[in-house]
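Could you have a look at the points below alongside the model?

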Amino acid sequence: MDSQSPDQMLDEVARLRRLTRARARGAAVPLMIFGLLTLASIPLYSHPFHAMETLPDGGSVSRPGSTSGYAGLDGFDRSGALSIAFWLITGPLSYLACAWWYRRRAARVGLTVRWQPWAYVGTALFAVFLLAVFAQNHGAQKAPPPLGESFVASAVISPLLAIALGLLVLAKVERSLGVAVCGLVYGGLCVIMNGYGLGQIPAWLVPPSGGMIDGMLNPAQNLILLAAVLLVGALVVQLRAWARLRSVTAAAPVQA
């Protein structure tokens with residue numbers, strides 16, 4: 001028995017380490033917050049549930065509003081200034097809400113993860129978005145940019161991509177594969193929606209010439225899809241966290 005006690009102690013230390021990580025993690029709440037924030041951006045668009053109508057001669061029906069792209073997706077937003085104000089206010093407020101959650105969790109369980117770097121980086125990403133908007137407004141030429149440059153600008157300047165990059169940082173902090181998958185799927189969908197147009201399927205995904213999804217030609221359905229990625233991801237991450245916590249606490253403190 002004495003010869004086995006060092007192994008038993010190492011097993012107990014490993015169990016306590018797993019228990020500490022399970023109790024400290026809480027990524028489901030940030031995923032839920034940013035999923036709800038994505039849904040909250042729907043009213044930024046002048047006609048969120050109606051696609052642009054195409055005329056027989058190939059033209060399109062004009063809608064009231066602008067196509068600044070600052071709302072997050074390539075749609076007619078009510079006001080570029082309103083879209084910018086929305087993201088620059090609600091973005092940092094969302095990180096403050098996440099910070100409150102982590103501090104409250106730390107006070108309750110006595111454990112926490114290093115969430116501060118993620119909150120700082122995430123808030124800085126929205127500041128980068130502001131600088132990108134400023135640069136685009138004051139440095140854009142009257143002539144439309146080439147297709148490649150337009151693709152890059154529409155994808156990078158979106159605040160939705162800032163959310164995706166922030167989630168990747170959170171995945172590293174939480175050491176969570178589920179959060180990383182959510183961030184990659186969310187960001188990838190955002191790039192496709194903005195780079196190729198709402199409802200458009202790129203040719204590299206559906207060869208030879210791509211395709212179109214009629215139900216995804218308006219901003220609302222696309223935002224609902226993006227939000228669903230985070231909300232479903234939050235549910236899965238939370239269920240896995242509960243299962244992991246139960247398995248660790250159910251293990252015997254000292255195994256024979």
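This is a predicted model: local features need pLDDT of at least 70, side-chain atom pairs count only at pLDDT 80 or more; totals for chains, interfaces and linings use all residues.

1. Helix H7 covers residues 177–196, 20 residues in total. From its first C-alpha to its last, H7 reaches 28 Å, close to the 28 Å expected at 1.5 Å a residue.

2. Both ends of H7 deserve a look. At its start, a side-chain oxygen of Ser 176 comes to within 3.5 Å of the backbone nitrogen of Gly 178. After H7 comes Gly 197, with a positive phi near 105 degrees.

3. Which residues of H7 are buried? Among them are the glycines Gly 178, Gly 183 and Gly 187, along with Cys 182, Cys 190, Tyr 186 and Met 193.

4. Leu 205 lies in the loop between strand S1 (200–201) and S2. Leu 205 has a relative accessibility of 48%, so it counts as partly exposed, the cut-off for exposed being over 50%.

5. Further on, Ile 213 sits in the loop between strand S2 (211–212) and helix H8 (219–250). Its relative accessible area is 41%, so Ile 213 is also partly exposed.

6. What does Ile 213 touch, leaving aside residues up to four places away in sequence? The partners are Gly 199 and Ile 201. Gly 199 is 14 residues from Ile 213 along the chain, yet their C-alpha atoms are separated by 4.9 Å.

Methods: Residues are numbered from 1 along each chain as its sequence is written. Side-chain values use heavy atoms; hydrogens and water are left out. Helices (H or I, at least four residues) and strands (E, at least two) are DSSP runs, numbered from the N terminus. Buried means under 20% relative accessible area, exposed over 50%, partly exposed in between (1.4 Å probe, protein chains only). Contact means heavy atoms within 4.5 Å. The expected span of a helix is 1.5 Å times one less than its number of residues. A polar contact is a pair of N or O atoms within 3.5 Å; within protein, one must be able to donate a hydrogen and the other to accept it, and residues adjacent in sequence count only if both atoms are side-chain atoms.
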